[in-house]
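Terms are given their cut-offs where they come up.

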Amino acid sequence: MNEIRLHNTFTNALEALHPVHPGQVRIYTCGPTVYASAHIGNFRTFMFQDILRRFLRARGYSVLQVMNVTDVDDRIIQSAAAAGVGIREYTDKYIHAFLEDIDALHIEMPEELVRATDHIEDMVALIEKLQQKGMTYTSDGSIYFRISKFPAYGKLSKIDVSGMQAGARVDVDQYEKENARDFALWKAPKAGEHFWETRIGPGRPGWHIECSAMAMKYLGDTLDIHTGGVDLAFPHHENEIAQSEAATGKTFVRTWLHAEHLIIEGQKMSKSLGNFYTLRDLFAKGHKPSTIRFLLLSVPYRRQLNFTEEGLLQARNSTERLRNFVTRLKAEQFPAGSNPEVERQIATAENDFDAGLSDDINTAMALAAVFDLVREANTAMDRGAFLQQNAPSAIAAMEKFDAVLALLVDDDEEKLRKLGIGLAKPRMSSEQIEGLIEERTAAKKRRDFKRSDEIRQKLADSGILIEDMKDGSIRWKYK
Ligand SMILES: [Zn+2]
């Protein structure tokens, strides 16, 4: 087995992984800010984290991953107010959509998916700790972190704050390096804004404090790995370090991993260019979940990913190639015996796959190992050199790879159906629907639940939702 080495943004070097708790890797991931649907660039980062955790588990570690859901911040407050609803109500639907999206992409759920607004008390306690240590000051009811009291400020993003004017403040959650200032831990309520009554006064948390509070609550004072998109290194992660280390006096994170941006056809993704895609936009264009998964995972996380139509086509073909190979392995009759040359190729592929992922999660290297094996084995099959006893080891190798890649199960249609996409079938007439509903009622009466479930599914497949009312009647509607 190869030593797992990861590129730590903090030291700008590859470092061997040595978890604080042997055998368990504790990871914190900055999750989505749920004021709109996540875009494909967000999923690039989430996909990288999925590969990371699947690989660590494949290597025998247990993983404890915490992902936050930012359900209170400047943009959410503005958007919810514009929509005339509370922030909880506003964010619920985007959280739901996010969960559906990650499920469609086979991205594993973190062990803990936690909402910021469920942890206000933890944030208040952390701010109190910082107050006791003299790291804060209050101005107009808002509480700020005093950067000059934390000399290590800037150590992750390598910014120089020596010339910064003492007491200069920034109130917005997101800002550029040029605006490095004392940042808000707690914001005084503005007219009409959602706020909490707390021991440190009325208001709401700044964005940065939520991650420090939730990360340390679930993972302890020192985390093994903290991940996020490269744009979060400053100010968000820099501020997380300042808050956490000022409070505990301990190293907050051992290894920082930052995923590079995704661009579309060589251009920065933006709404004004019309190349801003959510996952559902891509599904609606006919792209399969597995195709998108393949494309997102195929480029190593520290390299910019150029998301193109051509790349999607290749990703679809590559996924098909893997699936066809396994089908062939399982279905074809091979001559008796075992070819040691094939066994050697399988062993090489397994080692190269592991070596690639051990080298800072180099997915391109890992995929190359898999496709080398597919090519060699297919060639061997074509000339009769792939033998019966080779099939089980090749299948086992493909299953090992798939524990990390998660591409072989062909459930694209099912995933899309769950999202209500791809239902191009003609609509049933109301007579047909009512006929089926009657049949279902009769099936239920004779306790034939298998049949009644089948009918419900048949209706659902045709885009019909049925609802059992309390009075025993049944309502139906088109999805
Ligand atoms: Zn965060």
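The structure holds 13 aromatic pairs, where rings of Phe, Tyr and Trp (its six-membered ring) pair if their centres lie within 6.5 Å, and planes under 30 degrees apart count as stacked, over 60 as edge-to-face and the rest as tilted. This is a predicted model, in which local features need pLDDT of at least 70 and side-chain atom pairs count only at pLDDT 80 or more, while totals for chains, interfaces and linings use all residues. Residues are numbered from 1 along each chain as its sequence is written, and side-chain values use heavy atoms, with hydrogens and water left out.

**Aromatic pairs**

- F145 and F183 are stacked, because their ring centres are 5.3 Å apart and their planes stand at 15°.
- This pair links distant parts of the chain, with F145 in strand 7 (residues 142-145) and F183 in strand 9, 38 residues apart; helices (H or I, at least four residues) and strands (E, at least two) are DSSP runs, numbered from the N terminus.
- F145 has 0% relative accessibility and counts as buried, and F183 is buried with a relative accessible area of 1%; buried means under 20% relative accessible area, exposed over 50% and partly exposed in between (1.4 Å probe, protein chains only).
- F294 and F371 form an edge-to-face pair, at 6.2 Å centre to centre and 70° between the planes.
- F294 lies in helix 8 (residues 289-298) and F371 in helix 11 (residues 363-382), so this pair ties together parts that are 77 residues apart in sequence.
- Both F294 and F371 are buried.
- One aromatic cluster is formed by F43, F46 and F98.

**Charges over rings**

- The charged end of K93 sits over the ring of Y90, 4.5 Å from the ring centre; the criterion is NZ of Lys or CZ of Arg within 6 Å of the ring centre and within 35 degrees of the ring normal.
- R169 places its charged end over the ring of Y144, 5.2 Å from the ring centre.

**Zinc site**

- C30 (SG), C211 (SG) and H236 (NE2) coordinate the zinc ion at 2.0 to 2.2 Å; donors are N, O and S atoms within 2.8 Å of the metal (3.2 Å for Na, K and Ca), and water is not among the atoms, so sites may look incomplete.
- Along the chain, the donors of the zinc ion follow the spacing C-x180-C-x24-H.
- C30 lies in the loop between strand 3 (24-29) and helix 1 (40-58) and C211 in helix 5 (residues 207-219), so the two cysteines tie together parts that are 181 residues apart in sequence.
- C30 counts as buried at 7% relative accessibility, and C211 is buried with a relative accessible area of 0%.

**Salt bridges**

- The structure holds 42 salt bridges, each defined as a side-chain nitrogen of Lys or Arg within 4 Å of a carboxyl oxygen of Asp or Glu.
- D101 forms a salt bridge with R280, and their closest N and O atoms are 2.9 Å apart.
- D101 lies in helix 3 and R280 in helix 7 (residues 279-284), so the pair ties together parts that are 179 residues apart in sequence.
- D101 is buried, with a relative accessible area of 3%, whereas R280 is partly exposed, with 25%.
- R328 meets E332 in a salt bridge (2.7 Å, N to O).
- R328 also forms a salt bridge with D382, with the closest N and O atoms 2.9 Å apart.
- D382 lies in helix 11 and R328 in helix 9 (residues 309-331), so this pair ties together parts that are 54 residues apart in sequence.
- R328 counts as partly exposed at 21% relative accessibility, E332 is partly exposed with a relative accessible area of 33%, and D382 is exposed with 60%.
- A network of salt bridges links D50, R53, R54, R57, E108, E111 and R293.

**Helix 2**

- Helix 2 (residues 74-83) has D74, I76, I77, S79 and A80 buried.
- These buried residues pack against helix 3 (87-104), strand 9 (182-187) and strand 10 (204-205), where contact means heavy atoms within 4.5 Å.
- At the start of helix 2, a side-chain oxygen of D73 reaches to within 3.1 Å of the backbone nitrogen of R75.
- G84 follows helix 2 and has a positive phi, near 70°.

Conventions
A polar contact is a pair of N or O atoms within 3.5 Å; within protein, one must be able to donate a hydrogen and the other to accept it, and residues adjacent in sequence count only if both atoms are side-chain atoms.
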